[in-house]
Amino acid sequence: MSRLDARAVAGGTSQTSLIERAARSCVRVIRGRYTRRPAAVLCGPGNNGADGWAIARLLRAADWPVTVYTLTPQKDLTGAAGQVAKGSGLTAEPLRAFRPEAAGLVIDALFGAGLSRPLVGDARGALDSLAEAAVPVVAIDLPSGVDGATGSVLGTAARAEVTVTFHAPKPGHLLSPGLGLRGELVVTDIGLPQDAEPDAHWNGPCLWTLPVPERDTHKYARGAVLVFGGPRIAGGAARLSAHGAARIGAGAVTVASPEEALDIYAAHLDAIMVKPVTDAASAKRLIEASKAKALVIGPGAGRTDATRSHVLAALETRVPIVVDADALTVFEDDPDTLMQALHEKAVLTPHIGEFGRVFPDIQGDKLSMTAAAAARAGTTVLLKGADTVISTPSRVPVINTSGTPWLATAGAGDVLTGAIAGLMAQGLGAHDAACAGAYLHGLAGQRGGRGVTADDLPGLLREAGRAVATR
Ligand SMILES: NC(=O)C1=CN([C@@H]2O[C@H](COP(=O)(O)OP(=O)(O)OC[C@H]3O[C@@H](n4cnc5c(N)ncnc54)[C@H](OP(=O)(O)O)[C@@H]3O)[C@@H](O)[C@H]2O)[C@H](O)CC1
Ligand SMILES: [K+]
């Protein structure tokens, strides 16, 4: 029994009434989406299976043709599953007799939160055949086989059209591959206690507030960002970051350019200022002169000694900073130096390859990996992907799924880096800026859709911000 169920039961709600409420919610969703048709309900030995039995009873009462397939022989069922099966008045077939093509709808209630090991035998056979079939699947709590804590698949799992879960999403609904297997996610309230801290938050505007400028503001008070640019040949990445920062609302954005690339940056930028930088001392002077409230370093920076010394100089100033791409990779041979230099106003934005370079020994599922990295770095770590995870020491981790596969395009990450810095410059803390930046960036990608490029994203980011902000 899950922690939440146990507390609800201890608080006086019986397990069977929780199951009844869960089943009623599921049936409401099923009947709202599917016309009456032959339904196969696959039931496991635990409370997920008990939900399945209760759903089967309710569908039968609504005149649906229903067949229950049970993994454990019906006479051997114990606990809530045994009790609900008995009260249902239904007789089940063995799971091995299940043929997906005979059903118009399959209700997957084999395993939910209690899955503890890879699927084998009849359960595996049933789900493998279901995964191959064209019949729609409604998963109860989770597609069976998906680990609710990590989103990984233990053995096998069949893709659902809809997953109905209770109380709140689980990490397994938000992290790949679970994210791709659960279909539409419907979260229903079955009266479980509201006060328990979740394992992760699902990113969205209720977690943060976008900054709004004061009436009598000026461009520096709106937030100044300094973006460290790379050599002539690789300037696009820093420019994309700069536009990302500006379009999310920073009032003044400057690119710090090597002397040899000044003309190229100047020729490509209008609203963004360009200033020269030579060594670490000049980097510090420029941070002060540009009145920067947030810094960006890494996109297109080059894997050079100059990048490394600019990162360390920038971190010494303790101005909020986003450290990305080459600025992470230059510490591949010596990640400890980066870890010691970092402070709590930094956000690291690695993709999985960069993550492996600075945290080579941290492995496991994405949620634990990101948490371990944040603990070591002592600051916010945002691990990119279809399921971006944001972790900050002592904060509930956040999973962002607002993106789209169309965002897997060159330069998109550079815009995200700039967006996070732009939000920090406007006063958001590292964690909130990373969350809001990731959410708006994903929304911008969705609005762009097919064929969106990184050049489109800053403009779309502005639209996404306008859609979310109250002012
Ligand atoms: N608050 C809520 O969210 C509510 C959830 N409900 C539903 O309850 C399930 C969780 O129920 P639980 O009994 O804890 O777990 P499961 O039903 O998922 O599975 C546990 C049983 O399955 C066995 N098991 C686990 N893995 C395997 C495997 N690979 N192969 C075979 N058998 C497996 C496990 O056996 P053990 O030997 O590990 O003990 C258990 O017998 C939740 O998902 C919701 O659907 C409530 O209905 C309402 C409140
Ligand atoms: K299930």
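**Note on a predicted single-chain model**

1. Ser394 is exposed, since its relative accessible area of 82% lies over the 50% cut-off. The model is a predicted one. Ser394 sits in the loop that links strand E16 (388–391) to strand E17 (398–400). Its backbone deserves attention: phi is positive, about 65 degrees, although the residue is not a glycine. For comparison, most residues other than glycine have a negative phi.

2. Asp141 shows a positive phi as well, near 70 degrees, and is likewise a residue other than glycine. Asp141 belongs to the loop between E5 and E6. Is Asp141 buried or exposed? Asp141 is buried, because its relative accessible area of 7% falls under the 20% cut-off. Ser394, by contrast, is exposed at 82%.

3. Pro177 lies in the loop between helix H6 (171–174) and helix H7 (178–181). In general, most peptide bonds are trans.

4. As to the chain overall, its secondary structure amounts to 18 helices and 17 strands. There are 471 residues, of which 56% count as buried. The C-alpha atoms occupy a box of roughly 80 × 45 × 45 Å along the principal axes. The accessible surface is about 19,600 Å², and carbon and sulfur atoms contribute 50% of that area. Among contacts with a separation of 6 or more, 71% join residues 24 or more positions apart.

5. An open sheet of seven strands, paired in parallel, has the order E3-E2-E1-E4-E5-E6-E7. Which strands stand at the edges? They are strand E3 (93–94) and strand E7 (184–188); each has a single partner strand, so one side of each lacks a neighbour in the sheet. Helix H2 (residues 15–33) lies across E4, E5, strand E6 (162–166) and E7, and runs at about 155 degrees to E6.

6. Strand E4 has E1 on one side and E5 on the other in the strand order. Five bridges connect strand E1 (residues 39–43) to E4 in a parallel arrangement, while E4 (residues 105–109) and E5 (residues 137–140) pair, also in parallel, over three bridges. Asp108 has partners in both directions: Leu42 is bridged to Asp108, and Asp108 stands opposite Ala139 in E5. Ile107 stands opposite Val138 in E5.

7. How many of the residues of E4 are buried? Five of its five residues are. In a regular strand the side chains alternate between the two faces of the sheet. For E4, one side carries Leu105, Ile107 and Ala109 and the other carries Val106 and Asp108, and all of these are buried, so that both faces are covered.

8. Val137 lies in strand E5 and counts as buried, because its relative accessibility of 2% is under the 20% cut-off. Leaving aside residues up to four places away in sequence, Val137 touches Val106, Asp108, Leu130, Arg159, Ala160, Glu161 and Val162. Of these, Val106 and Asp108 are buried residues of E4. Val137 and Ala160 are 23 residues apart along the chain, yet their C-alpha atoms are separated by 4.7 Å.

9. Helix H4 (residues 79–88) has as its buried residues Ala80, Ala81, Gly82, Val84, Ala85 and Ser88. What do the buried residues of H4 pack against? Their partners are H2 and helix H3 (47–61). An α-helix has 3.6 residues a turn, so residues three or four places apart point the same way. Among the buried residues of H4 are Ala81, Val84, Ala85 and Ser88.

10. Helix H16 (residues 412–425) passes a simple geometric check: at 1.5 Å a residue, its 14 residues should span 20 Å, and the end C-alpha atoms are 20 Å apart, which agrees. Of the 14 residues of H16, 13 are buried, so the helix is largely enclosed by the rest of the structure.

11. UniProt, in an unreviewed entry, places the feature "domain: YjeF C-terminal" at residues 202–468. In the model, residues 202–468 are 44% helix and 15% strand, and the end C-alpha atoms of this stretch are 16 Å apart.

Definitions and conventions:
Residues numbered from 1 in each chain as written. Chains lettered and ligands numbered in written order. Heavy atoms only, no water. Pairing = 2+ DSSP bridges. Helix = DSSP H or I, 4+ residues; strand = E, 2+ residues; numbered from the N terminus. Contact = heavy atoms within 4.5 Å. Axes fitted to C-alpha atoms, helices over the stretch in contact; angles between N-to-C directions. Buried < 20%, exposed > 50% of the residue type's maximum accessible area, 1.4 Å probe, protein only. Expected span 1.5 Å × (residues − 1). Areas by Shrake-Rupley, 256 points an atom, 1.4 Å probe, with all protein chains shown as cover. UniProt positions renumbered as here; feature names shortened; annotations may be inferred.
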